[in-house]
Amino acid sequence: STEEGIKQIRNNIDKIIDWKDVFELIPKFYSKNKMKKTGIAGIFAACLELTKEKVIRVSQKKIFDKLMIKKS
């Protein structure tokens, strides 16, 4: 969910000094089972919300490239 994604990013925000692949922040529970799409959707929605709040910055160099985040 978005709330879980926000929590995951906020818990790791101090470790994100330089650009980091956002999908590395998906909790292992989601990335290792059938709920991977749920984990991806939650972390992506969280990125949009935290970008709006100016907590993080999001970057993607080209279409379908890695989605990178950095602490603002």
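1. The secondary structure of this protein, seen here as a predicted model, consists of three helices and three strands. Read from the N terminus, these elements follow the order α-β-α-α-β-β.

2. On overall form, the radius of gyration is 11 Å, close to the 11 Å that the globule rule gives for 72 residues, so the protein is as compact as a globular protein of that length. The C-alpha trace spans about 30 × 25 × 20 Å along its principal axes.

3. The contacts may be considered next. Among contacts with a separation of 6 or more, 54% are between residues 24 or more positions apart.

4. Turning to the interior, 28% of the 72 residues are buried. The largest nonpolar core has 14 residues, and those that touch the most other members are Ile9, Val22, Leu25, Ile43, Cys47, Ile56 and Ile69. Two elements, helix H1 (2-12) and helix H3 (36-52), each give two or more residues to this core. Helix H3 gives the most, with four residues.

5. Cys47 deserves a separate remark. Which residues does cysteine 47 contact, leaving aside its neighbours within four places in sequence? They are Ile9, Val22, Ile56, Val58 and Ile69. Of these, Ile9, Val22, Ile56 and Ile69 are also listed with Cys47 among the core residues that touch the most other members.

Terms used. Residues are numbered from 1 along each chain as its sequence is written. This is a predicted model: local features need pLDDT of at least 70, side-chain atom pairs count only at pLDDT 80 or more; totals for chains, interfaces and linings use all residues. Side-chain values use heavy atoms; hydrogens and water are left out. The radius of gyration is taken over C-alpha atoms; the globule rule is 2.2 Å times the number of residues to the power 0.38. Buried means under 20% relative accessible area, exposed over 50%, partly exposed in between (1.4 Å probe, protein chains only). Contact means heavy atoms within 4.5 Å. A nonpolar core is a set of buried Ala, Val, Leu, Ile, Met, Phe, Trp, Tyr and Cys residues joined through side-chain atoms within 4.5 Å.
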